[in-house]
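Reader: Before I look at the model, could you show me how to read the places where its parts touch?

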Amino acid sequence: MAEIPKEEYLEKCTTACAGCTSSLSLRYVLKAAGPDTVLVVPACCTSILQGIYPNTAFNIPVYNIAFAAAAACASGMSEAFASMGKKTNVIVYAGDGGTVDIGIQALSGALERGTDFLYICYDNEAYGNTGMQRSGATPMGARTTTTPGGKTDAKKDLDRIVAAHNIPYQATATPAYPKDLYEKVKTALATPGPSFIHILAPCPPGWRIASDMSVTVGKLAVKTGSWVLWERKYGELRISSPSKGAMKKRAPLRDYLSVQGRFKGISDSAVNELEQAIEKNLAQLAKEEAGEC
Amino acid sequence: MLTVATGNKAVAAAVKEAKPAVVAAYPITPQTEIVEQIAEYVTAGEMDARYIPVESEHSAMTACIGASITGVRTFTATSSHGLLYMHEMLHWAAGARLPIVMANVNRALGPGWNVWAEHTDAFSQRDTGWLQFFVSTVQEAYDTTLMAFRIAEDTGILLPVMVNLDGFVLSHIMQSLETVEIGDYIPPMVLPHKIDTENPTGYGTLTGPNDHFKFRWEIERAMRHSPSVIRDAEEEFAKRFGRKYGPTDEYLCDDADILIVSMGTLGKEAEVAVDILRKEGVKAGSMRIRWFRPFPELDIRDRDLVVLDRGYSFGFGGVLTDSIKSRYRDASIFSVVAGLGGQEVTYDDIAEFVRNRRMNEEYWFGVDA
């Protein structure tokens, strides 16, 4: 495996919160992408951590665009670069709200049209930038500022929605496993056509965890099967090694939930539903990897 | 080359001649023929453009934005609800100083469903920072679309331009059309702030009040500068291709006591109404407004105005009437609201408005007694 390059494209001392894993992820994403890259960013935490005009925390071009619009903007950009014969990487870096809720129409359109781009959804499971309101990606039982009693609906299954578009490359990742993330971005950018990576991004203020716990919580998400690392190349699924281990011997779900303030007081029935969802998901993925479905 | 075309086909032919690199579009009645024709040009290899068949008008405008910021020429077309669905991105395109050109085939808004001509769609975008032109013939739709690229891309402007043509009564009617070979009338597009990975920067980054204010002012500064650029584009067009245009299209205005002021196809009806009224001894003239934004200086010199409005600001008044009133406070106006939702308005009707004018009053044609 290649070493992760030392070059930085996201400078230090941004306005991101302490322990922010979306900016940590982005560091690795940009190291994998290199300098001939344009980042397209809808309204999300990444809009803020760039700093205030005329400054920017990035040393690649970053194009900010309206909330619902990221994938469509990347579509136009990708076609324009193609018309000039340029190979510049076009990467959307969008939060979960901008992906599973308001941006899903543009995303679906761009995927269906075979747009040559990489769409990354960094998922902190709520509208983080506006103060942690629930999104379609918020898991059941999690308290947010608009679900003060805990969310009663299940997390939207974004990955299966994306999978229905039969794109050439799709993966999940989390920066708790940075080499896995780095390699997946490399593969995505080397694959022509649309690629999609869904990153679980633990959020200290939103998840009510200490800022030095975000990587640990990311690992717990994988070890408990709450987050499964995999990649699907041209329809062929491969479960990534950290999740392979977790599937053999899964850590108890309570280990993941109990360290997060957002799940404080979660009902037994909600935990039960989360557990069942994990088992179903793992079973489906295992079957798919074995070629049984 | 002399041919015959619909308003929509004329727009498509002009776009082909302007050679955009990217066209992103979503179909809506009555704009469809424009995007179908462009798709045919691209498929047949007559146009070397990337055609993005987006899933919505919001994405059509956004894809044009994403393409334009790389420094290439872009085009889209829409109507009515499509234009309103783009509204957020129209502000974005102007704020990002992108010279996108769009044809808007004017159509009423629901409910109920009505696909016929009305100007409310374009009027609702009045404050987005787009330059807006209104045309009245197939030839003018073609010529104005070509001029739009030159005006939008002028480095003193760098604002998007909307060319408005009335749904069905212009988009779908056939008239003669003289096409041109554009040559270097539209110079290659140079976008000073285009994305360059060799010289990375942030676009649309979080911006404080002082800088935001400056950027808004820069838009207005370009707008205020735009009349000279538009006039230059119109004069150069006349020089090269022989057809003259200006901020207004005036018919027998010089000695007129009464001016019929209108936009779009109603202006052509108004010219026939003027002929009828002149035979009756009424010294009428027709002043059709071609530029809606920037709104032009008008030579109304203490004459009575009969203003035909094909769009309305509820709780206030006819939109064209209000634009004139706010610039010429003492103007004597009979404000006629007519033609909404494709209501038929003939030259006889317009002559009747003039005969029965009640200055400083408003009249809803077909509703008021």
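**Where the parts touch**

Author: Two residues are in contact if their C-beta atoms, placed from the backbone, lie within 7 Å, and in this predicted model the contact takes 39 residues from chain A and 35 residues from chain B. Helices (H or I, at least four residues) and strands (E, at least two) are DSSP runs, numbered from the N terminus; those giving two or more residues to the side of chain A that touches chain B are β1 (37–41), α2 (45–49), β2 (62–64), α3 (70–83) and α5 (104–112) of chain A. Of these, α3(A) gives the most, with 11 residues.

Author: Residues are numbered from 1 along each chain as its sequence is written, while chains are lettered from A and ligands numbered from 1 in the order in which they are written. As this is a predicted model, local features need pLDDT of at least 70 and side-chain atom pairs count only at pLDDT 80 or more, whereas totals for chains, interfaces and linings use all residues.

Reader: In what sense do β2(A) and strand β9 of chain B pair?

Author: Two strands pair if DSSP finds at least two bridges between them. Here β2(A) and β9 (residues 202–203) of chain B pair in the parallel sense over two bridges, and the bridge partner of A:Val62 in β9(B) is B:Gly202.

Reader: Into which domains is chain B divided?

Author: Domain bounds come from an automatic or database domain assignment, which gives domain 1 (2–179 + 202–241) and domain 2 (248–364) in chain B. Their C-alpha centres lie 26 Å apart, and 26 residues of domain 1 of chain B are in contact with 21 residues of domain 2 of chain B.
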